[in-house]
Amino acid sequence: MPDVSPVIPALRYRDAPAAIEFLVNAFGFEKNMVVKGEERAIEHAQLKHGTGMVMLASAREGDMFSDQGATSIYVIIDDVAVHHDRAIAAGAEIVMPPEAQDYGGSSYTARDPEGNWWSFG
């Protein structure tokens, strides 16, 4: 079994280089692999967060993966308040502020610059 989650969300972005920098700066992801294409295109990128990972690439017209709507992803973190403050400092749009959950723990939700929803708890 690999040292990452066996479930890896894959996203397409109109401005993938900007999305990578946002995810690193706002949400604490680390660049694991970034394969650049022509001009500003990203052919494939892997960003790790603990033992989790997301993959992303540049959106392309006519690509079935690029024609989807926004995605929602949940990431498990240690400290919601600290993470929330980091996201705000990096310009994240908070759509649900941190709050305690009935089932335990707390979480918040932010939207990235291209409309994908990210929940952290």
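Helices (H or I, at least four residues) and strands (E, at least two) are DSSP runs, numbered from the N terminus. The expected span of a helix is 1.5 Å times one less than its number of residues. Helix α1 (residues 16-27) has 12 residues and spans 15 Å from first to last C-alpha, close to the 16 Å expected at 1.5 Å a residue.

This is a predicted model, in which local features need pLDDT of at least 70, side-chain atom pairs count only at pLDDT 80 or more, and totals for chains, interfaces and linings use all residues. Residues are numbered from 1 along each chain as its sequence is written, and side-chain values use heavy atoms, with hydrogens and water left out.

**Helix α1**

Burial is set by relative accessible area: buried is under 20%, exposed over 50%, partly exposed in between (1.4 Å probe, protein chains only). Nine of the 12 residues of α1 are buried, leaving the helix mostly covered. Among them are Ile 20, Phe 22, Leu 23 and Phe 27. Gly 28 follows α1 with a positive phi, near 80°.

Strands pair if DSSP finds at least two bridges between them. Four strands form an open sheet with mixed pairing, in the order β5-β8-β7-β6. β5 (72-75) and β6 (93-100) are the edge strands; each has a single partner, so one side of each has no neighbour in the sheet. Axes are lines fitted to C-alpha atoms, for helices over the stretch in contact (heavy atoms within 4.5 Å). Angles run from 0 to 180 degrees between N-to-C directions. Neighbouring strands of the sheet are turned by 15° against each other on average, direction ignored.

β6 pairs with β7 (residues 106-111) in the antiparallel sense, over five bridges. Met 96 has Thr 109 in β7 as its bridge partner. Helix α2 (residues 80-89) lies across β6, β7 and β8 (117-120), at about 15° to β7.

**Salt bridges**

A salt bridge puts a side-chain nitrogen of Lys or Arg within 4 Å of a carboxyl oxygen of Asp or Glu. The whole structure holds four.

Lys 31 sits in strand β2 (residues 30-36) and Glu 21 in α1, 10 residues apart. Lys 31 is partly exposed at 47% relative accessibility, and Glu 21 is partly exposed at 34%.

Arg 60 lies in the loop between β4 (52-58) and β5, and Glu 43 in strand β3 (residues 42-49), so their pair ties together parts 17 residues apart in sequence.
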